[in-house]
Amino acid sequence: MEILRDYDLTSLNTFGISARARFFAEVASEEDFKELFSSTEFKENEKLILGGGSNVLFTKDFDGIVILNKLKGIEIIEDGSESVLIKSMAGEKWHDLVIFTVERGLWGIENLSLIPGTTGASPIQNIGAYGSEFKDTLENIEAFNIETGEKKIFTKEECEFGYRDSIFKNKLKGKYFIVSITLKLNKVPKLNSEYKALDSFLKENNIEIKSSKDVSDAVSKIRMSKLPDPKVLGNAGSFFKNVYVTKEKAQSLLNQYPDMPIFKEGELIKIPAGWLVEQCGPSDGTSWKGQKVGNVGVHDKQALVLVNHGGARGSEVLDLADKIIESVYKKFELKLTPEVNLV
């Protein structure tokens, strides 16, 4: 394992932002991590662990060591009559894991198809889409403590999952190097198609669901129709989290904005952040959706997606995000929160 200096990170983040790391190393095995752990560069520098780079915005160079998780391998470790346990090493692409499961007729993560990033990054964000979340199928997570080098197995409960949130994003942020995830998936069909956009797509296209792969294919088509390919237009997917408010606050807003979409989730009401962004703009009477500001902009098909039109600095993206947050708060008195990890 080699530790490199002054490493270019442009190709390692889907925003395509130019940034450099003081030190850089790839970890392709547990032995690599143990070797890295004993190095001076690891012990004496701030650390940043990267997977697919699909949920990060570099606002400056990183004056520490960036560790790229390249651990590979997917296997069924327990095969029961109604369910299986599947272990994926953390460097695998998330969508490759989804394909592995649906090709074997397994149910549980098909609604999470085509989400960018690695399997090791998925618990940090508690990725979710079309009515499903990562936590719904998690059995456990294996990870190294980057301070002690000891390996720990986290149960679902210990991960403290929330909406696009986990213990790895808060109390234990940057303190663990995730090695693998183990999911419990169903052999028995468990269709989850109630999410409005998915349900509408299935009905409009007369799609009869016969397998989990049918769901995966449908979700993939929806995502491809709405979200830009990072290889063509730099982005990190949804930049902002949806907003959750009390029933009283939601009703107050509905009195002013009767067309505002709302979704009841437990005791709270979810307001789509994309809709809020669309209703605001750089000036009265305009919408942020489709706007271009210098080298950055808001995607014309999905207002939640901020894009790099080419040559953008991370500070430009962040400045645009701040302007959007300010305009939404001014109009709705609701605070948008970035979903993307700011570095």
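The paragraphs that follow describe a predicted model.

We begin with helix H5, which spans residues 196-204. Leu 198, Phe 201 and Leu 202 are buried in this helix. Viewed down the axis of H5, the buried residues fall within an arc of 95°, so they line one face of the helix. Lys 196, Lys 203 and Glu 204, on the other side of H5, are exposed. Just after H5, Asn 206 has a positive phi of about 50°.

What do the buried residues of H5 pack against? Their partner is helix H6, residues 212-226. Two packed helices are described by the angle between their axes and the distance between the axes. For H5 and H6 the angle is about 105°, and the axes are 10 Å apart. An angle of 65 to 115 degrees counts as roughly perpendicular, and H5 and H6 are therefore roughly perpendicular to each other. On the H5 side, the contact is made by Ala 197, Leu 198, Phe 201 and Leu 202. H6 contributes Val 215, Ala 218, Val 219, Lys 221, Ile 222 and Lys 226.

Next come the strands. An open sheet is formed by 4 strands in the order E13-E19-E18-E17, with antiparallel pairing. E13 and strand E17 (292-293) stand at the edges, each with a single partner strand, so one side of each has no neighbour in the sheet.

E13 is joined by 3 bridges to strand E19, residues 305-308, and the two run antiparallel. In this pairing Ser 238 has Val 305 of E19 as its bridge partner. Strand E18, residues 296-298, is also joined to E19 by 3 bridges, again in antiparallel fashion. Here Gly 297 has Val 307 of E19 as its bridge partner. Helix H9 lies across E17, E18 and E19, and runs at about 35° to E18.

Another set of pairings involves strand E16, residues 268-271. Strand E14 (residues 243-245) is joined to E16 by 3 bridges, and the two strands run antiparallel. Val 243 has Ile 271 of E16 as its bridge partner. Strand E15, residues 263-265, is likewise joined to E16 by 3 bridges and runs antiparallel to E16. Glu 265 stands opposite Leu 268 in E16. The hairpin of E15 and E16 has 2 residues between the strands, and Gly 266 takes a positive phi near 70° in this hairpin.

The nonpolar cores remain. The largest has 49 residues. Phe 58, Phe 239, Phe 240, Leu 276, Leu 306, Ile 324 and Leu 336 are those with the most contacts inside this core. Which helix supplies the largest share of this core? Helix H9, residues 314-332, supplies that share with 7 residues. Leaving aside residues up to four places away in sequence, Leu 276 touches Val 243, Ile 271, Val 328, Phe 332, Leu 334 and Leu 336. A second, separate core of 38 residues includes Phe 100, Ile 109, Ile 115 and Leu 138.

Key:
Residues are numbered from 1 along each chain as its sequence is written. This is a predicted model: local features need pLDDT of at least 70, side-chain atom pairs count only at pLDDT 80 or more; totals for chains, interfaces and linings use all residues. Side-chain values use heavy atoms; hydrogens and water are left out. Buried means under 20% relative accessible area, exposed over 50%, partly exposed in between (1.4 Å probe, protein chains only). The arc is that of the directions from the helix axis to the C-beta atoms. Contact means heavy atoms within 4.5 Å. A nonpolar core is a set of buried Ala, Val, Leu, Ile, Met, Phe, Trp, Tyr and Cys residues joined through side-chain atoms within 4.5 Å. Two strands pair if DSSP finds at least two bridges between them. Axes are lines fitted to C-alpha atoms, for helices over the stretch in contact, and angles run from 0 to 180 degrees between N-to-C directions. Angles under 35 degrees count as roughly parallel, over 145 as roughly antiparallel, 65 to 115 as roughly perpendicular and the rest as oblique.
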